Amino acid sequence: MARTQVAIIGAGPSGLLLSQLLHLNGVDNIVLERQSREHVASRIRAGVLETGTVDLLLQAQVGERLLNERLVHEGFALGFAGRSFRVDLKHFTGDAVSVYGQTEVIKDLTDARLAAAAKLIFDVRDVGVEGFDGSQPVVRYSHDGRTHTINCDFIAGCDGYHGVCRRSIPPGAAQSFERIYPFGWLGILADVPPVAHELIYSNHERGFALCSMRSLTRSRYYLQCPLDENLESWPDPRFWDELRRRLPTVVAEALITGPSIEKSIAPLRSFVVEPLKFGRLFLVGDAAHIVPPTGAKGLNLAAADVRVLYQALVEFYRTGNGDLIDGYSAQCLRRIWKAVRFSWWFTSLTHKFSEDLFAHRLQLSELDYLTGSDAALTSLAENYVGLPFERAAKRA
Ligand code: RFL
Ligand code: PHB
């Protein structure tokens, strides 16, 4: 039987970052991950980091390669009605975003944890969390054909939307809020130079498209697609043709194509569970909330939860004061709901929801208004770069 202070379920960005920050502050923890290290490292997901996320990664001492290799973007483009409009993030907020893939964040964090001889266990099975409504939580799991038990003070559920922690909360103790969108994103990764040096979010009558990147030689492109679409019906030439059709002409003409090295479909949803804390169990990141990727908020929100939780736990272990722990859920939820609202709004503005031409005219009119109003552009820009962090509740 093992014993630790914090048992962390899931070695995605939330779990690894929490583990690293707790470790640096002297809090012992064990991380359990269902998948293999290679599988976790190869999942292609987020690409845009807010400055607050970059700062937290620096605090976690995993920011060196990030600072050298990231692409700093001071703006992005909105494509609509055949034209392209640049949203100048720097001008409206004084801030920018960093393009650096989630795969790289995971690699940096995993390397740092393993270099510090972390208790990070991959390929675990049958994780169960118990006793978190009392003072002695227990985690059970199997690994290499044997069953194991961990006694701990707290459990951090960093196990994503499909994880076990949220499902372990007693019925009636939590409320969830959900919106499922009637489409998904078909994404491809290709070793071709990006079509533009900044991201392009394109509203088109055939559906939304996004031009993103991972580096100056690796592009990431997305097309809005029906929910029941299958990958086989999207050979590369069809993807590139459809992407060209959904981009402003000048952009489409500049597109460089090549063989895809990854292709996947992701459904879009908004989801929040309340509260994020049940006794000694905390939900963190995608385990507690999902946003459609349009606003690039998922990974950043996960990091924002980790920021609040690690500070609360460190405070508790240093002083015995549990006020920050008790405030975790309320403090995180305020930021979460703002990101949920922004991601829903940006999705509504840029995606095709139906064949209703009236609805499309309204979107074009809102885009026309937005791009002509400094007030509206400031609102878009300040949400996109990430809202400021509230100060932690006053210490006793
Ligand atoms: P994760 O990454 O899902 O990690 C959870 C981990 O828990 C493991 N697990 C278990 N382990 C043990 N026992 C169990 N029973 C377990 N059940 C699950 C899983 O194997 C996994 O390793 O959640 P986390 O750490 O909270 O991180 C969240 C982010 O991954 C997610 O929010 C972002 O990827 C969302 N996202 C984006 N976020 C951004 O900030 N900017 C972006 O540009 C952006 N683009 C995106 C995205 C997500 C996308 N998809 C595919 C959903 C683009 C896409 C297409
Ligand atoms: C990505 O590069 O994967 C990406 C970028 C911006 C988004 C969503 C995804 O809004």
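Author: Gladly, and we can begin with a term: a polar contact is a pair of N or O atoms within 3.5 Å; within protein, one must be able to donate a hydrogen and the other to accept it, and residues adjacent in sequence count only if both atoms are side-chain atoms. Here, a polar backbone atom of arginine 45 lies 3.4 Å from an oxygen atom of ligand 2. This is a predicted model, in which local features need pLDDT of at least 70, side-chain atom pairs count only at pLDDT 80 or more, and totals for chains, interfaces and linings use all residues. Residues are numbered from 1 along each chain as its sequence is written, chains are lettered from A and ligands numbered from 1 in the order in which they are written, and side-chain values use heavy atoms, with hydrogens and water left out.

Reader: Which other residues have polar atoms beside an oxygen atom of ligand 2?

Author: Tyrosine 201 places a polar side-chain atom 2.7 Å away from a ligand 2 oxygen, and proline 293 has a backbone N or O atom at 2.8 Å from one. The protein buries 97% of the 280 Å² that ligand 2 exposes when taken alone (accessible areas come from the Shrake-Rupley method with a 1.4 Å probe; for residues, only the protein chains shown count as cover).

Reader: How many residues surround ligand 2?

Author: A residue is near a molecule if one of its heavy atoms lies within 4 Å of it. Around ligand 2 there are 14 residues, with Tyr201, Ser212, Arg214, Tyr222 and Pro293 the closest. The strand β16 gives the most to this shell, three residues (strands (E, at least two residues) and helices (H or I, at least four) are DSSP runs, numbered from the N terminus).

Reader: And what surrounds ligand 1?

Author: Its shell has 31 residues, and Ser14, Glu33, Arg43, Asp286 and Leu299 are the closest.

Reader: How should I read two packed helices?

Author: They are described by the angle between their axes and the distance between the axes. Axes are lines fitted to C-alpha atoms, for helices over the stretch in contact, and angles run from 0 to 180 degrees between N-to-C directions. For α1 and α9, the angle is about 30 degrees and the axes are 9 Å apart. That makes α1 roughly parallel to α9 (angles under 35 degrees count as roughly parallel, over 145 as roughly antiparallel, 65 to 115 as roughly perpendicular and the rest as oblique).
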